[in-house]
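Work through the exercises below with the model open. Try each task before reading its solution.

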Amino acid sequence: MNLQGFLIVLSGPSGAGKNTLMNTVIPNIPNLQYSVSATTRKPRQGEHNGEDYFFVTDEEFDQLIADDELLEWANFCGNRYGTPKFFVKEMIDQGKTVIMDVDIQGALQIKEKIQEVVLVFLLPPTWDELRNRLTKRGKDPQEAIRQRLERSYEELRHIIDYDYFIINDKVEKAAERLHTIINAEWCRVARADLSEIQTLGSHMR
Ligand code: 5GP
């Protein structure tokens, strides 16, 4: 059956474990593609250009906006982040599920343009745990950690705009929940090619 691909946006506080979750899930789900964002943030230790992000200058980001190459973009704690359009469109046309790590502002912009997008909010088990994870990660300066925590409290108010939530207590469990959501979304009648279903029906008469 011919199925149209779709877009899953994963949002949640910095330190909730979005990257770990995606790295766990992506190798195990056929047809699931990660969408690499562009950012003006400097690479953290161990991050690679074109894999984690496309790391661009402020001028290059301005150009992406001017050329209308971004599906959405947002300012987050002093840096800009955006989703390049070309990759997402190509993957959806090929029937793939595209998963992206996008903050709430970006998620809401996408929802306005693409109503069928699936919005998933990832939560840490507790706020203390979130603070611990951000501090232990040791990849952001103290002030950036403070800003990110503050931002997390604000973002939580928007969980109401999301379709699903996952609590990331254990990554394997969170991965299982995300897999379940993806499977359920593939079974939506709205995503199916109805003419094929009708043909199937006529064979059954
Ligand atoms: P980080 O600097 O920790 O990698 O990401 C900071 C925030 O930016 C996270 O909340 C992440 O979801 C968000 N983010 C990453 N890529 C994008 C994007 O393409 N667009 C938007 N709007 N947010 C993004």
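**Exercise 1. Find what the buried residues of helix 4 pack against.**

Step 1. List the buried residues. In helix 4 (residues 104–113) they are Ile104, Gly106, Ala107 and Ile110. Buried means under 20% relative accessible area, exposed over 50%, and partly exposed in between, with a 1.4 Å probe and protein chains only. Helices (H or I, at least four residues) and strands (E, at least two) are DSSP runs, numbered from the N terminus.

Step 2. Look down the axis. The buried residues of helix 4 fall within an arc of 155°, so they line one face of the helix. The arc is that of the directions from the helix axis to the C-beta atoms.

Step 3. Name the partners. These buried residues pack against strand 1 (6–11), strand 5 (70–76), strand 7 (97–101), strand 8 (118–123) and helix 6 (142–156). Contact means heavy atoms within 4.5 Å.

Step 4. Check the other side. There, Glu112 and Lys113 are exposed.

The model is predicted: local features need pLDDT of at least 70, side-chain atom pairs count only at pLDDT 80 or more, and totals for chains, interfaces and linings use all residues. Residues are numbered from 1 along each chain as its sequence is written, and side-chain values use heavy atoms, leaving out hydrogens and water.

**Exercise 2. Sort the buried and exposed residues of helix 3.**

Step 1. Pick out the buried ones: Val88, Met91 and Ile92. They cover an arc of only 100° around the axis, which puts them on the same side of helix 3. An α-helix has 3.6 residues a turn, so residues three or four places apart point the same way.

Step 2. Turn to the face away from the buried side. It carries the exposed residues Phe86, Lys89 and Asp93.

Step 3. Find the cover. Strand 1, strand 2 (32–34), strand 5, strand 6 (79–84) and strand 7 are included in what covers the buried residues of helix 3.

**Exercise 3. Why does Ile92 count as buried, and which residues does it touch?**

Step 1. Locate Ile92 in helix 3 (residues 85–93).

Step 2. Apply the cut-off. Ile92 counts as buried because its relative accessibility is 14%.

Step 3. Leave out residues up to four places away in sequence. Ile92 then touches Gln4, Gly5, Phe6, Leu7 and Val98.

**Exercise 4. Find polar side-chain atoms of Asp101 and Asp103 by the ligand.**

Step 1. A polar side-chain atom of Asp101 lies 2.3 Å from a ligand oxygen atom.

Step 2. For Asp103, such an atom lies 2.7 Å from a ligand nitrogen atom.

Technical notes: A polar contact is a pair of N or O atoms within 3.5 Å; within protein, one must be able to donate a hydrogen and the other to accept it, and residues adjacent in sequence count only if both atoms are side-chain atoms.
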